[in-house]
Amino acid sequence: MAILLVSLNLLTGDAGQISVGHGALMGVGAYTTALLVKHIGLPYAIAIAAAAVACAVLGAAIGLPALRIRGLYLALVTLSLAIGLPPLLKRFGDVTGGPLGITPPPPDLLMPGLTPSQSTYLMSALTLVAVLLIYTWLRRSALGRRFAAVKASEAMAVTCGIRVAATKTLAFTISSAVAGLAGGLYLSVVGTITPDTFTVMLSVTLLVSAVVGGLRSATGPIVGALFFVFVPALTSGMGGQAPQIVYALVVLAAVYFFRDGLATIFNLARRRF
């Protein structure tokens, strides 16, 4: 989830574009990985890399027409993707397994001296570190400055010679590739995926988690992932509407007191001590 939130940080925090369909892009990555592993027999590492490439191509195909028009058109297009993916996966059940989903062979990401679960966790952790390092480098690069310029003012970016549509499309393409990578790793963790896993609510919750964690911080995706995973888990035993109320209160408190996300707590502590 932290890897997936990095993709939202890049797209929304750095490039200023809103996506309500990253849960669907994650689903495309997960299903692509599952199909390549189950029906073609590719190793998980190669299948996950191929899923990232497939999502990058899909992202370019979606972003190229949507991002040439100003406003919330990208959000509307990604919302339609999030709405349409689950029934589409159910419709082609011969390939995707329909409502029951698909279960590929167990992951082959084995490392000496570690169990399969430990190997999968270590692989995910190392991938997160690599993604965060690349993300930090990208933000400081010339491309990152182009993203920041487009977010600040498209008119200013044009006067600086920046091709706005191409820059926004590239941001969405890179973000989609990272979402596909996260989807492939998610499959290796859970083992079985179904269409109902990648609903619109997942995409909305991911966007909320990215904002709560912090859209302009390298530690924001980790904090947002902790919020995404543990707040519902810790409140699930309360019963009634209590989990939803606690979730809403946490979101409101985070947005009200920490406008740049909960990750700013670490920056405040570092400056103080």
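The second largest pocket of this predicted model is lined by Val6, Ser7, Leu10, Ala130, Val131, Ile134, Tyr135, Leu138, Ile174, Val178 and Leu181. On a 1 Å grid over the protein atoms alone, a pocket is an open set of points where a 1.4 Å probe fits, with protein on both sides within 12 Å along at least five of seven lines, and lining residues have an atom within 4 Å of a point. Two or more of the lining residues come from each of H1, H6 and H9 (helices are DSSP runs of H or I with at least four residues, numbered from the N terminus). H6 gives the largest share, 5 residues. By class, the lining has 10 nonpolar, 1 polar and no charged residues; Ala, Val, Leu, Ile, Met, Phe, Trp, Tyr, Cys and Pro count as nonpolar, Asp, Glu, Lys and Arg as charged, and the others, Gly among them, as polar. The volume of this pocket is about 160 Å³, a volume being the space filled by probe spheres set on the points, which are joined across faces, edges and corners.

The largest pocket has a volume of about 620 Å³. Its lining comprises 23 residues, with Met1, Ala2, Tyr121, Ser124 and Val189 nearest the centre. Helices H1 (2-14), H6 (116-140), H9 (164-190) and H11 (220-235) each give two or more residues to this lining. H6 again provides the largest share, here 7 residues. The lining of the largest pocket divides into 19 nonpolar and 4 polar residues, with no charged residue.

Residues are numbered from 1 along each chain as its sequence is written, and side-chain values use heavy atoms, with hydrogens and water left out. As the model is predicted, local features need pLDDT of at least 70 and side-chain atom pairs count only at pLDDT 80 or more, whereas totals for chains, interfaces and linings use all residues.
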